[in-house]
Amino acid sequence: MSDGLRVVIAEDSVILRDGLVALLTRRGHEVVAVGDGDELVAEVTARAAGPAGLPDVVVADIRMPPTFTDEGMRAATALRAAHPGLPVLVFSQYVETRYASQLLAGGAGGVGYLLKDRVADVGDFLDGLTRVAAGQTVLDPEVVTQLMGVTSAGDPGLARLTPREREVLALMAEGRSNGAIAERLYVSYGAVEKYVAAIFTKLGLEADAADHRRVLAVLRYLGA
């Protein structure tokens, strides 16, 4: 992948949409912006069928015209279903747990969910966009917290986790490495490794070269 990404943005706020286009264009990315979910699906579908090909990443708001309920999230979910692995970054003021779970349910990476009011630095947004385009999963901690509240009650494996293990798993769900988790929690790298091993054991994820236990643990955590 080149440094410049091909980005399709769906955002109904003209000011925010133009701001995102200007921000990304200045950094060498190729950007196309639309104003609603139907236009997003049409744009990506047309690109997929033509010489341009699929974009490197889609950025979508949730609530857009005509009803301002969940058009953007439904469009993003439909595009992921039609084009498995298409990187999608949801960028919204709202947490929609039902659709977020659907978006994550495929098990593939390249999914992000950031909250507009909680992105305090442009660099954080750009880092999240780049990571999603590279196939990683990037979730705002508040999204993780709300998804956890919806999904964890019925999973006895999750119920056995200690508060610290749940904290580690939450940071794993945000896409953080063991080293980043150690820095965040002010513990040693070895301590994080022990927490992660305990999480795998309590969730019944046996060591198997064919399985990525870290991904499986996060999917359990998110109810996917």
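The protein chain contains eleven helices and six strands, where helices (H or I, at least four residues) and strands (E, at least two) are DSSP runs numbered from the N terminus. The model is a predicted one, in which local features need pLDDT of at least 70 and side-chain atom pairs count only at pLDDT 80 or more, while totals for chains, interfaces and linings use all residues. Residues are numbered from 1 along each chain as its sequence is written, and side-chain values use heavy atoms, with hydrogens and water left out.

Of the 224 residues in the protein chain, 46% count as buried, that is, under 20% relative accessible area, with exposed meaning over 50% and partly exposed in between (1.4 Å probe, protein chains only). Taking contacts (heavy atoms within 4.5 Å) between residues at least 6 apart in sequence, 65% join residues at least 24 apart.

A nonpolar core is a set of buried Ala, Val, Leu, Ile, Met, Phe, Trp, Tyr and Cys residues joined through side-chain atoms within 4.5 Å. The largest such core has 46 residues, and the members touching the most others are Leu-40, Tyr-113, Leu-169, Met-172, Ile-199 and Ala-217. Helix α8 (residues 163-173) gives the most to this core, contributing six residues. A second, separate core holds 18 residues, among them Val-59, Phe-125, Leu-129 and Val-132. Beyond its neighbours within four places in sequence, Ala-217 contacts Leu-169, Met-172, Ile-199, Phe-200, Leu-203 and Leu-205.

How do the helices pack? Two packed helices are described by the angle between their axes and the distance between the axes. Axes here are lines fitted to C-alpha atoms, for helices over the stretch in contact, and angles run from 0 to 180 degrees between N-to-C directions. The axes of α8 and helix α9 (residues 178-185) cross at roughly 130 degrees and come within 10 Å. That angle makes α8 oblique to α9, since angles under 35 degrees count as roughly parallel, over 145 as roughly antiparallel, 65 to 115 as roughly perpendicular and the rest as oblique. On the α8 side, the contact is made by Arg-164, Glu-167, Val-168, Leu-171 and Met-172, and on the α9 side by Ile-181, Arg-184 and Leu-185.

Next comes the pairing of α9 with helix α10 (residues 189-202), which pack at an angle of about 110 degrees with axes 9 Å apart. α9 is therefore roughly perpendicular to α10. Here Asn-178, Gly-179, Ile-181 and Ala-182 of α9 meet Tyr-189, Val-192, Glu-193 and Val-196 of α10.
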